Amino acid sequence: MTAGTYWRAVDRFRAVVQATPDREAVLFPADTTGDRLPDYHTLTYRELDEWSDTIAERLSTAGVSSGTRTIVLVLPSPELYAIMLGLLKIGATPVVIDPGMGLRKMLRCLQAADPQAFIGIPQAHAARVLFRRYFRGVRTSVTVGRRWFWGGAKLASWGRTPTGTLPARTPAPDGDLLLIAFTTGSTGPAKAVELTHGNLSAMVDQVDAARDRIPPGASLITLPLVGILDLLLGSRCVLPPLIPSKVGSTDPAHLVDAINRFGVRTMFASPAVLIPLLRHLEHGGAALPTLRSIFSGGAPVPDWCIAGLREVLDPQAQVFAGYGSTEALPMSTIESRELFDGLTERAHRGEGTCIGRPAEGVRARIVAITDDPIPTWAEVGEPTSAGGIGELVVAGPNVSTRYYWPEAANAVGKIAEGEVIWHRTGDLGWIDDAGRIWFCGRKSQRVLTVAGPMFSVQVEQVFNVVPGVARTALVGIGPRGAQRPVLCVEAESGADRTAITLALKDRGAEFDVTAGISEFLFHTSFPVDIRHNAKIGREQLAEWAATQIGSEEHR
């Protein structure tokens with residue numbers, strides 16, 4: 001007799017446990033104070049397997065089973081991975097979200113997920129109790145940490161050794177819902193993405209393929225989902241000290257220490273992590289001899305950062321610029337050697353940023369730019385913008401085919417072509433004759449002028465090479481269709497703003513895509529997204545720029 005379903009990919013984890021039970025699975029920092037480098041504790045694959053079995057056993061007893069929507073609000077830690085594996089072993093549906101989006105927005109999102117169980121740190125439970133009307137369906141609660149005035153179980157009281165063997169379960173069909181993950185809402189309303197058993201299994205295989213199916217050895221984890229995927233591939237997952245909503249504030253000295261202490265072979269990180277790491281390596285002279293691959297995502301990585309990493313890493317190391325989203329991870333990658341074979345120069349001339357060829361099994365197409373729904377492929381239009389720029393749509397085994405919430409997002413975010421569902425990424429770009437995708441910016445952030453549309457990343461890449469410029473952001477002021485393009489500029493520390501402005505004007509006049517820009521505003525520090533601290537908040541900058549220009553015009 002079986003007791004429901006489970007995620008088939010858990011078998012890969014169990015195979016690692018059986019083959020190398022004493023292998024380190026998670027290496028995590030102990031509590032530290034001051035600037036001292038942290039001490040690390042370890043959890044073996046056998047210990048993680050037994051702990052997650054214990055959690056699965058206790059949750060099952062509490063009524064959590066296949067399909068139970070379970071909020072997980074736990075910081076990156078061994079507890080998080082034990083909980084996630086425990087849920088996946090019993091086929092429950094974790095619901096994950098970034099708390100940094102703001103309390104009210106998060107509460108509305110979680111209410112829409114209609115959760116039945118809640119696992120979280122004390123602060124999360126405090127919000128659950130204070131705003132209990134958002135969580136009326138929750139019947140099981142577990143606290144990770146100190147339990148205060150609410151009921152429910154305390155994770156630490158369960159111990160880490162199961163009382164017996166978990167009942168046999170059958171693998172769930174690939175099309176069954178496995179995970180609900182919320183987008184950050186950094187470039188639009190947050191949405192609940194449905195990821196199926198098949199989607200997550202494909203992600204595991206694609207991550208493996210991106211590394212040429214070479215065992216990862218030790219991985220530095222800065223994004224929790226990557227840790228889950230790497231545990232299924234037998235990695236030693238190293239968790240450096242970081243704050244999930246402020247990864248850009250991570251101390252690069254701690255990263256260098258973790259990489260060298262544990263012989264880290266591969267890492268995934270956003271530009272907000274990689275840029276300080278590069279500067280630390282350049283100024284401090286430290287080496288990272290074991291690091292063989294870096295995968296970046298969250299936002300385009302400045303090419304100077306990629307070039308700098310190539311200089312300080314082992315000559316055999318690979319640096320990949322990746323592209324993906326909550327709905328589809330990964331979508332494409334490109335390695336630095338190909339990028340510097342003439343592609344960065346093309347980006348600086350206004351062709352966009354090359355983000356590589358589609359990942360294994362992913363198909364990509366370009367459709368006409370529209371904010372309207374496109375129900376079926378028969379209604380798709382051809383791109384009409386200069387250079388064939390349109391909206392990128394993708395389909396593949398790792399690509400989510402629907403949103404759990406809001407239902408309206410499915411109408412504007414998906415296109416049906418027979419049994420194939422294409423995901424509209426909301427990103428603009430074009431595909432070259434070599435099959436490479438060129439990213440030009442977000443659809444929602446395009447600037448609609450009287451002369452035609454302008455695309456943020458396409459424009460910014462032209463200006464970002466000006467000496468003294470740290471980064472730029474194109475925004476539009478005024479009514480759509482008659483917007484004034486304004487370039488917001490974040491200058492390097494100590495740079496001469498007058499000289500930069502003159503250089504920007506000269507640079508913009510050289511290219512058709514930037515010739516219409518004559519207004520430049522300096523901003524101290526751009527707003528960024530909460531997950532990667534790398535996507536520029538152009539919507540906030542547009543409001544700021546409108547205020548600045550309005551003030552200047554009324555002087």
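Helices here are DSSP runs of H or I with at least four residues, strands are DSSP runs of E with at least two, and both are numbered from the N terminus. Every view below shows a predicted model.

**View 1. The cis peptide bond between tryptophan 405 and proline 406.** The peptide bond that runs from tryptophan 405 to proline 406 is cis, and its omega is near -10°. Proline 406 sits in the loop that connects strand 21 (403-405) with helix 12 (408-413).

**View 2. The cis peptide bond between leucine 329 and proline 330.** Leucine 329 and proline 330 are joined by a cis peptide bond with an omega of about -10°. Here the proline belongs to a strand: proline 330 is part of strand 17, which covers residues 328-335.

**View 3. The residues of helix 8 and their surroundings.** Helix 8 spans residues 252-262, and eight of its eleven residues are buried, so the helix is largely enclosed by the rest of the structure. The buried residues are Pro252, His254, Leu255, Val256, Asp257, Ala258, Ile259 and Phe262.

View 4. The structure has one cavity of 30 Å³ or more. The largest cavity holds about 50 Å³ of space.

View 5. Strand 2 and helix 3 (78-89) are the elements that give two or more residues to the lining. Helix 3 contributes the most, with three residues. The lining is made up of 20 nonpolar, nine polar and five charged residues.

**View 6. The aromatic pair of phenylalanine 295 and phenylalanine 320.** A pair of aromatic rings is described by how far apart the centres lie and by the angle between the planes. Ring centres must lie within 6.5 Å to count as a pair, and by this rule there are eleven aromatic pairs. In the pair shown, the ring centres of phenylalanine 295 and phenylalanine 320 are 4.5 Å apart and the planes stand at 5°, so the pair is stacked. Phenylalanine 295 belongs to strand 15 (residues 293-296) and phenylalanine 320 to strand 16 (residues 318-325), so the pair ties together parts that are 25 residues apart in sequence. Phenylalanine 295 is buried, at 12% relative accessible area. Phenylalanine 320 also counts as buried, with a relative accessibility of 10%.

**View 7. Threonine 501 in helix 14.** Helix 14 covers residues 497-508 and includes threonine 501. A polar atom of the threonine 501 side chain lies 2.9 Å from the backbone oxygen of arginine 497. Neighbours within four places in sequence set aside, threonine 501 is in contact with Phe520 and Phe522.

**View 8. Alanine 209 in helix 6, with alanine 359.** Alanine 209 lies in helix 6, which runs over residues 197-210. The relative accessible area of alanine 209 is 19%; buried means under 20%, so this residue counts as buried. Alanine 209 and alanine 359 are 150 residues apart along the chain, and their C-alpha atoms are separated by 8.9 Å.

**View 9. Aspartate 114, a residue with positive phi.** Although aspartate 114 is not a glycine, its phi is positive, at about 50°. The residue lies in the loop between helix 4 (103-112) and strand 6 (117-120). Aspartate 114 is partly exposed, with 40% relative accessible area.

**View 10. Aspartate 212, another residue with positive phi.** Aspartate 212 is not a glycine, yet its phi is positive, at about 60°. This aspartate is found in the loop between helix 6 and strand 12. Aspartate 212 is exposed, with a relative accessible area of 53%.

Definitions and conventions: Residues are numbered from 1 along each chain as its sequence is written. This is a predicted model: local features need pLDDT of at least 70, side-chain atom pairs count only at pLDDT 80 or more; totals for chains, interfaces and linings use all residues. Side-chain values use heavy atoms; hydrogens and water are left out. On a 1 Å grid over the protein atoms alone, a cavity is a set of points where a 1.4 Å probe fits but cannot get out, and a pocket is an open set with protein on both sides within 12 Å along at least five of seven lines; lining residues have an atom within 4 Å of a point. Grid points are joined across faces, edges and corners, and a volume is the space filled by probe spheres set on the points. Buried means under 20% relative accessible area, exposed over 50%, partly exposed in between (1.4 Å probe, protein chains only). Contact means heavy atoms within 4.5 Å. Ala, Val, Leu, Ile, Met, Phe, Trp, Tyr, Cys and Pro count as nonpolar, Asp, Glu, Lys and Arg as charged, and the others, Gly among them, as polar. Rings of Phe, Tyr and Trp (its six-membered ring) pair if their centres lie within 6.5 Å; planes under 30 degrees apart count as stacked, over 60 as edge-to-face and the rest as tilted. A polar contact is a pair of N or O atoms within 3.5 Å; within protein, one must be able to donate a hydrogen and the other to accept it, and residues adjacent in sequence count only if both atoms are side-chain atoms.
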